[in-house]
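User: I want to learn how to read a fold, a helix packing and a pocket. Can you take me through them one at a time?

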Amino acid sequence: VRREEDDAVALVRVYCGLASADDLRAASAAQLTIAVVDDAGRLLGVHEISDDPSGYAELGSLLVARTSGFTDAAVAADSDDHVVTSLLTAAGRPLVVADDDSTDDFAERFADDDSIEEMQAPPAARRAAGLARALQAGAIAAVNLQTPRELVSFKPILAAHVALLNG
């Protein structure tokens with residue numbers, strides 16, 4: 001009996017950290033670094049996304065690929081000034097925003113010292129991984145924040161996006 005598990009992805013609870021990328025390639029194209037960890041704190045991936053609606057869509061696709069749905073993943077961010085965090089809030093996704101000192105602390109405290117690759121990663125990747133692991137460990141908790149008035153009109157569009165992602 002041949003088992004076809006090569007392309008299968010185990011669906012687990014995941015936690016996402018979102019940090020400002022270190023290098024600003026262009027002032028108009030801000031980049032964010034995202035890190036995704038599983039229930040055991042294992043790093044599943046680090047990616048760069050743009051801080052715009054297409055970056056939000058990419059984040060959603062990455063999370064859906066690892067979970068049973070976009071709504072199942074909690075996100076910790078280093079700032080609430082990002083377009084992506086605003087869209088997460090408007091969509092009613094669980095989110096927590098940490099200040100710079102806490103984000104740096106999480107990057108150090110929750111680093112995988114046994115991973116040379118992780119220790120040599122850019123600061124934004126370490127900060128994103130630290131935020132994700134802080135969520136996973138319960139050091140911080142993501143909640144559904146109230147949608148700002150100026151973003152309420154986006155809710156139906158974001159709900160349709162989630163429905164498309166979840167199939």
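Analyst: Start with the terms. Helices and strands here are DSSP runs, numbered from the N terminus; a helix needs at least four residues, a strand at least two. One caution: this is a predicted model.

User: How many helices and strands are in the protein chain, and in what order do the elements run?

Analyst: The chain has 6 helices and 6 strands. From the N terminus, the order is β-β-β-α-β-α-β-α-α-α-β-α.

User: What share of the residues counts as buried?

Analyst: Buried means under 20% relative accessible area. Of the chain's 167 residues, 45% fall in that class. Look at contacts too. Among those with a separation of 6 or more, 59% join residues 24 or more positions apart.

User: What is T103 in contact with, leaving aside neighbours within four places in sequence?

Analyst: Contact means heavy atoms within 4.5 Å. By that test T103 touches D78, A98, R127 and L131.

User: At what angle do α3 and α5 pack?

Analyst: Angles of 65 to 115 degrees count as roughly perpendicular. For α3 and α5 the angle is about 85 degrees, and the axes lie 7 Å apart. The two helices are therefore roughly perpendicular. On the α3 side, D100, T103, D104, F106 and A107 make the contact; α5 contributes R126, R127, G130, L131 and A134. By class, this contact has 4 nonpolar, 2 polar and 4 charged residues.

User: Next, the pocket. How is empty space found?

Analyst: A probe the size of a water molecule is rolled over the atoms, and this shows where empty space is left. In this model, the largest pocket has a volume of about 160 Å³.

User: Which residues line the largest pocket?

Analyst: The lining consists of L43, V46, D112, S115, E117, E118, A121, P122, A125, R126 and A129. Sorted by class, that gives 6 nonpolar, 1 polar and 4 charged.

User: Which elements each supply at least two residues of that lining, and which gives the most?

Analyst: β3 (43-50), α4 (116-119) and α5 (123-137) each supply at least two residues. α5 gives the most, with 3. Note R126: this residue lines the largest pocket and also belongs to the α5 side of the contact with α3.

Notes:
Residues numbered from 1 in each chain as written. Predicted model: local features only at pLDDT ≥ 70, side-chain atom pairs only at ≥ 80, totals over all residues. Heavy atoms only, no water. 1 Å grid on protein atoms, 1.4 Å probe; cavity = no way out; pocket = protein on both sides within 12 Å on 5 of 7 lines; lining within 4 Å. Points joined across faces, edges and corners; volume = space filled by probe spheres on them. Nonpolar A, V, L, I, M, F, W, Y, C, P; charged D, E, K, R; others polar. Axes fitted to C-alpha atoms, helices over the stretch in contact; angles between N-to-C directions. Parallel < 35°, antiparallel > 145°, perpendicular 65-115°, else oblique. Buried < 20%, exposed > 50% of the residue type's maximum accessible area, 1.4 Å probe, protein only.
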